[in-house]
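Good morning, colleagues. Please look at the model on the screen.

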Amino acid sequence: MPTTNTTAKDIFCPRCAKHYDITAVLTLCECGAPLLVDYDYEKASSVIDREKLKGRTANMWRYLEVLPVFDCDNVATLGEGGTQLLVSKTIGPELGMPDLFLKDETTNPTGSFKARGLAMAVSRARELGLKKLIIPTAGNAGSALAAYAARAGLECKIIMPRDVPGPFLVDAKYHGAQIELVDGTIKDCGERATDLVKNEGWFSAATLKEPYRIEGKKTMGYELAEDFNFELPDVIIYPTGGGTGLIGMWKAFDEMERMGWIGSFRPKMVSVQAEGCAPIPRAYEEGLDYAPVWEDPHTLAAGLRVPGAVGDFLMLEAVRKSGGTAVAVSDNDLMMDTKELSAKEGIFSSPEGGATLTCLKMLLNDGFVKPDERVVLFITGSGYKYLDVMQEWDEEHSA
Ligand SMILES: *Cc1c(COP(=O)(O)O)cnc(C)c1O
Ligand SMILES: [Zn+2]
């Protein structure tokens with residue numbers, strides 16, 4: 001078999017420290033916490049280094065030695081990752097910020113950074129011999145699972161809220177996924193998926209309920225380090241739903257330090273959510289280690305409509321340890337800023353990306369962010385699947 005040279009060795013629980021065999025099919029830890037992949041970092045630092053990366057193709061598989069797949073033939077790829085870190089040309093200067101950056105994840109296959117996580121999860125699922133993958137989703141994760149399952153020849157079922165924007169139904173269907181609509185939020189979809197896992201033998205690729213999606217998302221942290229020549233930026237503003245990206249990047253920074261690629265400096269990790277569904281900012285303010293479920297969640301930024309997340313304690317830990325913060329923004333502001341990103345930077349972002357700009361403005365105002373700091377906004381998805389949502393909002397607000 002063409003081996004990947006991966007240094008993945010073990011699975012561990014970040015809460016109770018229990019270890020698991022990496023060849024087993026795993027979901028959550030016995031204690032209920034998400035499981036993470038452990039590597040032999042000493043070996044990793046001998047088989048891969050910062051120089052070796054340079055000649056490699058610009059997609060997330062350039063970090064193959066620190067990704068959990070053993071046989072190259074199992075890699076299901078559509079070219080995800082390797083996205084551009086763009087310098088803000090207009091908004092930054094207007095805000096008096098010379099070093100404002102936009103990590104443009106809109107160009108990923110299937111239109112969002114969910115491609116990274118699901119490329120990884122599907123690749124590993126195929127390696128483990130799984131055949132039927134299911135996912136509860138607000139949209140983008142379903143698109144991505146459907147595409148990668150099609151690529152890998154696996155069966156796929158997608159559980160979405162009935163009010164999901166239409167394009168998410170169309171692409172999932174074109175990819176041959178089975179689709180089920182549920183009255184309620186992603187949380188209700190999650191409960192339905194759990195039933196189907198129990199009764200029909202599906203394997204769930206829900207956020208952090210298997211150990212591999214986060215491994216795909218962590219590559220954003222590796223890319224940022226490369227983009228900044230291994231001098232990490234001062235602040236990262238991340239639109240947070242289930243939190244895999246935030247937790248993943250935090251893990252990536254730890255891994256790179258262990259391999260001697262970076263020092264102990266960390267960016268301030270900022271979680272932004274919408275006022276209508278802000279469990280992480282609320283828990284942060286109240287000093288809690290876990291985030292109680294948000295009742296009656298609503299926001300146009302569908303990817304942020306996650307009322308309760310199994311990785312809540314990991315997000316809060318990363319935010320606090322990094323000296324970051326958690327902020328809730330209004331739908332009106334985040335929609336205006338989505339438009340501003342389009343008009344002033346040429347990036348057609350989904351509403352989640354707009355939320356990072358709103359958050360930045362608030363943090364500049366209250367002095368948390370200084371204008372001379374190097375700040376990265378994560379523009380996590382494309383606006384094209386939200387055309388109806390955006391047009392409707394625009395009609396209501398431009399009169
Ligand atoms: C899913 C999603 C998010 C939230 O990402 P997490 O890593 O799950 O917190 C943000 N933006 C978009 C466009 C998404 O699809
Ligand atoms: Zn545990």
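Against which elements do the buried residues of helix 5 pack? They pack against helix 4 (114-127), strand 6 (132-136), strand 7 (155-161), helix 6 (166-174) and helix 8 (213-217), where contact means heavy atoms within 4.5 Å.

A word on conventions. This is a predicted model, in which local features need pLDDT of at least 70 and side-chain atom pairs count only at pLDDT 80 or more, while totals for chains, interfaces and linings use all residues. Residues are numbered from 1 along each chain as its sequence is written, chains are lettered from A and ligands numbered from 1 in the order in which they are written, and side-chain values use heavy atoms, without hydrogens and water.

Helix 5 covers residues 140-152; helices are DSSP runs of H or I with at least four residues, strands runs of E with at least two, numbered from the N terminus. Its 13 residues reach 18 Å from first C-alpha to last, close to the 18 Å expected, that is, 1.5 Å times one less than the number of residues. Because 11 of the 13 residues are buried, helix 5 is largely enclosed by the rest of the structure; buried means under 20% relative accessible area, with a 1.4 Å probe and protein chains only. Among them are Asn 140, Leu 145 and Tyr 148. Gly 153 follows the helix, with a positive phi near 75°.

Now the ligand. An oxygen atom of ligand 1 is 2.4 Å from a side-chain N or O atom of Tyr 238; for Lys 217 the corresponding distance is 2.8 Å, and for Thr 244, 3.1 Å. Taken alone, ligand 1 exposes 380 Å², of which the protein buries 96%, by the Shrake-Rupley method with a 1.4 Å probe.

Notes. Buried < 20%, exposed > 50% of the residue type's maximum accessible area, 1.4 Å probe, protein only. Polar contact = N/O pair within 3.5 Å; in protein donor to acceptor, adjacent residues only side chain to side chain.
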